[in-house]
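Please look over the sequence and the structure before reading on.

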Protein chains: 2
Amino acid sequence: MKGIVNFTPGPSQIYFTVEDHVRAAFRDGVPSLSHRTKEFENISKTATEGVRDLLGVPSGFHVFFTSSATEIWERSIQNLVATTSLHFVNGAFSKKYYEVASQLGKTPIKIEVPVGKGFDKDVAHHDGVELIALTHNETSTGVSLPMNFINQFRDQYPNALIAVDAVSSLPYPQFDFSKIDSLFFSVQKGFGLPAGLGVWIVNDQCIAKSEELLSKGISIGSYHNLPSLLQHSKKNQTPETPNVLGIYLLGKVTADFLRRGIHIIRKETEYKAAILYQALATHGIISPFVTEVSHRSNTVIVAQCRDQVKTITQRLEGVGLQAGDGYGENKATQLRFANFPAHSKEQYEKLVDELGKIK
Amino acid sequence: MKGIVNFTPGPSQIYFTVEDHVRAAFRDGVPSLSHRTKEFENISKTATEGVRDLLGVPSGFHVFFTSSATEIWERSIQNLVATTSLHFVNGAFSKKYYEVASQLGKTPIKIEVPVGKGFDKDVAHHDGVELIALTHNETSTGVSLPMNFINQFRDQYPNALIAVDAVSSLPYPQFDFSKIDSLFFSVQKGFGLPAGLGVWIVNDQCIAKSEELLSKGISIGSYHNLPSLLQHSKKNQTPETPNVLGIYLLGKVTADFLRRGIHIIRKETEYKAAILYQALATHGIISPFVTEVSHRSNTVIVAQCRDQVKTITQRLEGVGLQAGDGYGENKATQLRFANFPAHSKEQYEKLVDELGKIK
């Protein structure tokens, strides 16, 4: 409902400019635009350049559109792994990525720690790993991987590709693209857009790997395999009829973010996270679920609420703030708070004030 | 652009109610709605029941959401074929469906006729066929399969599943669901919606086949395999975060179509097709591309325009009518006219009038 601020970590609060962009799209005929026209190519180019500029994507990397990040779990395994991927599992979503590899007939390895925990920096070495699959921000638990954890794998596994699921953290984190080969997200979280679009960034090494698999007779899928995505993206097109309106809106919102300044978005994200974690750490009833400070996510903040989930949810609803449910079996004891560009400092200050009143 | 009627066969003219539905969606918070809420389940249920009612889908069939019909080409091969599918190829899209099967490592068989032609009713028998893949309406050429052609396969291939791609014909045709096992379409054509959603209808035999493949160790994909789609659809959910707004709009537009009456939509489609084919058949310059009357599509009408494509396109643009380009290499000599529920009788009468003035 309008007037309610949605803190659910995706689909989440829609960025405040989106409704006007949708109105403009209808005015300009975007919803009925053929995906084989120059007009669509311009829309697609604007969106990919917006993503590149916002995230600092260097040359040698390509930006492709899929329908969801869930799809990218599948496509990345299909196109980048003949046999062995290595997964760091610490929650429901990193686990699903691992399971996709099994479902596609690969033999993935997992390094697993309990829910709510991060990983030790010292990682046991495994042979024959083709892909390191990292979930930067585990949306189910609010655990985030430190950048130096991600960046260690290039040296440790010089022959592996490194893929980072940054679904519920981008555009906040600044990744070092020299340390990773693939990065992906979906637009209904940090980009504040309606769901139905995934963005997959890959470098030339990923393309080469998919071609190598194909040459060995391993199926890499059809329309959304990397060579097909690359071939079409060179014309700023897509293999299938895509979510044209979603791509249009991504171009508009990345432009809005760039005007606001990614530096300011990052600073505001850190400010909002700091005041909420501070409020949780000093609260009598509620506490941060992730105890290790260096593993705490700045974009999905999980609160341990003991038996007060219902009371807190209702109190917040009473002032127009919709907390996100805890994930899965933690629904009864936790609440999650997305901290995306669509959530203003004022809304976070109000949230912190309201939580402070609960004693 | 508003004020221009778009006859491109998909993405095509948006149905006239859609913009108001989008406005209502934003008012009601649909774009930021979590896909794990009761509200989403109601939206999803409304859309699937709308599709069932409109197309007369019987019990024993399930309605699933994907991101495109292109995706369904892949998923249907992946989930319904161990080795051999049989494809009837008479244009670019039926050919792509065939090629997807090769890309997924199957050994498809094709029965191919020249572009613009239909198939003889007598079909040579092939052994070991698991899936008959039929493209009801070849969007590239305006050739449609007669219903008695589709309905013959149940007896001829009692052990095969029969899948029908009805991307650019539904909701117009009434299929006999006792003669087919799977039917699919995407929403940006006959349903007059923004692109980014496919609808896949399958029966229990399809589910059983996918489970059989899985039990044999054949990969049927991950999140969008049939058992996963079925499991989630039982709760009116989807495995991934879907195009929530697209599903909402599908529910709204199917309700609009049902209020208008599918019988009336069919009658109007036939009226519009009849007057355009009549105009083409009696025209001095332009003629119907599909010469065999029983193979002509009522929903995508292709006009042979010789060297007059540019002149005709400009004449029509001058009165607010946007003809669809010919497909591929036929762009220089053909125009295509979508005849969907979004195209009114008055617009078709205007189109016929304008074509009549070209001499």
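A salt bridge here is a side-chain nitrogen of Lys or Arg within 4 Å of a carboxyl oxygen of Asp or Glu. By that rule, A:Glu71, A:Glu74, A:Arg75, B:Glu71, B:Glu74 and B:Arg75 are linked in a network of salt bridges. The model is predicted.

**Salt bridges**
- Over all chains, the count comes to 34 salt bridges. Between chain A and chain B the count is two.
- B:Glu74 reaches across to A:Arg75 in a salt bridge, with the closest N and O atoms 2.7 Å apart.
- A:Arg75 also forms a salt bridge with A:Glu74, where the closest N and O atoms are 4.0 Å apart.
- A:Arg75 is buried, at a relative accessible area of 0%. A:Glu74 is buried too, with a value of 0%.
- In chain B, B:Glu71 and B:Arg75 form a salt bridge, the closest N and O atoms being 2.8 Å apart. Both of these residues are buried.
- B:Glu71 and B:Arg75 both sit in helix 3 (residues 69–80) of chain B, four residues apart, about one turn of the helix. An α-helix has 3.6 residues a turn, so residues three or four places apart point the same way.
- A:Arg154 lies in helix 6 (residues 153–156) of chain A, and A:Asp181 in the loop between strand 8 (161–165) and strand 9 of chain A, so the pair ties together parts 27 residues apart in sequence.
- A:Asp181 is buried, with a relative accessible area of 2%.

**How the two chains meet**
- Chain A can be laid on chain B by a turn of 180 degrees and a shift of 0.0 Å along the axis, with an RMSD of 0.0 Å. The two copies are thus related as by a two-fold rotation axis.
- A:Ser67 comes closest to the rotation axis of the residues of chain A, at 3.0 Å (C-alpha).
- The contact takes 45 residues from chain A and 45 residues from chain B.
- 100% of the interface residues of chain A are also interface residues in chain B, so the copies meet through the same surface.
- About 3,700 Å² is buried between chain A and chain B, and carbon and sulfur atoms give 57% of that area.

**Strand 10 of chain A**
- Six of the six residues in strand 10 (residues 198–203) of chain A are buried.
- Both faces are covered: A:Gly198, A:Trp200 and A:Val202 on one side, A:Val199, A:Ile201 and A:Asn203 on the other.
- Strand 2 (residues 61–66) of chain A pairs with strand 10 in the antiparallel sense over six bridges. Here A:Phe65 stands opposite A:Val199.
- Strand 9 (residues 182–186) of chain A also runs antiparallel to strand 10, joined by five bridges. A:Leu183 stands opposite A:Ile201.

**Helix 9 of chain B**
- Helix 9 (residues 244–260) of chain B has 17 residues and reaches 25 Å from first C-alpha to last, close to the 24 Å expected.
- Twelve of its 17 residues are buried, including B:Tyr248, B:Asp256 and B:Phe257.
- The cover over the buried residues of helix 9 includes helix 1 (18–27), helix 2 (38–55) and helix 10 (262–281) of chain B.
- B:Gly261 follows helix 9, and its phi is positive, near 100 degrees.

Definitions and conventions
Residues numbered from 1 in each chain as written. Chains lettered and ligands numbered in written order. Predicted model: local features only at pLDDT ≥ 70, side-chain atom pairs only at ≥ 80, totals over all residues. Heavy atoms only, no water. Buried < 20%, exposed > 50% of the residue type's maximum accessible area, 1.4 Å probe, protein only. Helix = DSSP H or I, 4+ residues; strand = E, 2+ residues; numbered from the N terminus. Pairing = 2+ DSSP bridges. Least-squares fit on C-alpha atoms with pLDDT ≥ 70 in both. Contact = heavy atoms within 4.5 Å. Expected span 1.5 Å × (residues − 1). Buried area = accessible area lost by both parts, 1.4 Å probe.
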